[in-house]
Amino acid sequence: MLANLLSHLGRQGDLVFDLQSALTAARAVGPDNGGQGEAAKAALIEDFLRAHDITDIVHIDAPDARVPGGLRPNFIATLPGKSPRALWLFAHMDVVPSGDPALWTSDPWTVVRKGDLVYGRGVEDNQQALVSMLLLAKGLQDLHIVPEYTLKLVFMSDEECDNTMGLAHVLEKRGDLFPADDLYIIPDGGSPDGSEIEIAEKSLCWLRFTVTGEQCHASLPHRGVNALVAASAIIMDLQNLAQDFPASNPLFAPAVSTFTPTRHENNVDGVNIMPGRDVFWMDCRVLPETDLDSVCSRIRERASACAARYGATVSVDMPVTHRSSKTDADAPVVRALTQALAEAGITPRPVGIGGATVAALLRHRGLAACVWSTILSCCHEPNEHSSITATMKDAQVFARIVLGSTSF
């Protein structure tokens, strides 16, 4: 039975391309990123499942007036097994915007196949996982296999923008659906050879700095306080955070906490206007052994002292914060995945990542979860791409677990 299923899954290359093409064309960009949400993509997925007689589908949608239809879809599809104990697989439906189209060699929303690779926005993040999950479900149905364990497939919205309308909403409304002794795997991270099992994540903190000075004409700078200059000085001063928090942990790469200035918001519309307000953002990834509250306190101290030197003030907000999380390396889900990978000829090793994935949401509820897939790690980049072969092989690894070929 397992051999038949593995063989079947290994012959689905054309279906991988077809699914990737349809899913990418749905353009599931969330409203925080200027898009229309995930509804069209969710409908495609649900239609595929129902077309293959998978009808046990539970919706836990989140209301959101910003999208057509007013809902952000989240749903769980169930394929019953001999045991009620379940293997849970998770994929998020939303994708990030395409970015500058000039940086792409093809239309980001039309999948192009080049040998074993498919190119398009979202094909890796997170459609490779999504497609591997659909392949497994279809394969079980095509071969009329009742697996040893129940298979639960979770399709989520809003992962790219904090999960408030996604898994966080699902867990808040229906946390009772997630038993502690089930197996939880999130295929939203990994390595090209499939050897990395992510069991830990750094804390994630997004900080917004609002620097206030006094606007004036650019030809008369002495009449104001240049918020852009003060903001620039703050950014440079915050580079010293690495010295303030030097802890290292070899489980992670990089092995240290990181503090990266990223987004800069528009300040003034004219070149001849000296800005009196400037806003920038910083992405912080903090090791589990480093206290996140201490980090944030130190950031505020540094930013305030630096702004004062330029006659400005600064406020620091934290719109997004996720605390670090970890799954025991000997947890049943890690053992099951390790054995399945060994059967596939892969020697796995536990790793930590900068985060964040939805695994942290599960871990914070006491659910042992790990993150794994065979990916090329080009998400959010121009010319994002993924491997058709890897997609099929990931489905085969999940098949080994759900059919009970591993013991844990």
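The buried residues of helix α8 are Leu 292, Val 295, Cys 296, Ile 299, Arg 302, Ala 303, Cys 306 and Ala 307. Viewed down the helix axis, these residues fall within an arc of 130°, so they line one face of α8. The model is predicted. The points below cover the helix, an annotated span, the aromatic residues and a loop histidine.

**Helix α8**

- α8 runs over residues 292–309 and has 18 residues.
- From first C-alpha to last, α8 reaches 26 Å, close to the 26 Å expected at 1.5 Å a residue.
- Ala 308 and Arg 309 are exposed, on the face of α8 turned away from its buried side.
- Gly 311 follows α8 and has a positive phi, near 75°.

**Annotated span**

- UniProt, in an unreviewed entry, lists residues 199–305 as "domain: Peptidase M20 dimerisation".
- The span is 27% helix and 32% strand.
- Its end C-alpha atoms lie 38 Å apart.

**Aromatic residues**

- The whole structure holds nine aromatic pairs.
- Trp 372 and Phe 398 form an edge-to-face pair, with 5.7 Å centre to centre and 90° between the planes.
- This pair links distant parts of the chain, 26 residues apart.
- Trp 372 sits in the loop between β19 (369–371) and β20 (385–387), while Phe 398 belongs to helix α11 (residues 388–402).
- Trp 372 is buried, with a relative accessible area of 0%.
- Phe 398 is buried too, and its relative accessible area is 0%.
- One aromatic cluster is formed by Trp 88, Phe 90, Phe 178 and Tyr 184.
- Lys 114 lies over the face of Tyr 119, at 4.9 Å from the ring centre.

**His 380**

- His 380 lies in the loop between β19 and β20, where Trp 372 is also found.
- His 380 is partly exposed, with a relative accessible area of 43%, whereas Trp 372 is buried.
- Leaving aside residues up to four places away in sequence, His 380 touches Val 96, Arg 121, Asp 125 and Glu 160.
- The C-alpha atoms of His 380 and Val 95 are separated by 8.5 Å, although these residues are 285 residues apart along the chain.

Definitions and conventions:
Residues numbered from 1 in each chain as written. Predicted model: local features only at pLDDT ≥ 70, side-chain atom pairs only at ≥ 80, totals over all residues. Heavy atoms only, no water. UniProt positions renumbered as here; feature names shortened; annotations may be inferred. Helix = DSSP H or I, 4+ residues; strand = E, 2+ residues; numbered from the N terminus. Expected span 1.5 Å × (residues − 1). Buried < 20%, exposed > 50% of the residue type's maximum accessible area, 1.4 Å probe, protein only. Arc of directions from axis to C-beta. Phe/Tyr/Trp six-rings, centres within 6.5 Å; stacked < 30°, edge-to-face > 60°. Lys NZ or Arg CZ within 6 Å of the ring centre and 35° of its normal. Contact = heavy atoms within 4.5 Å.
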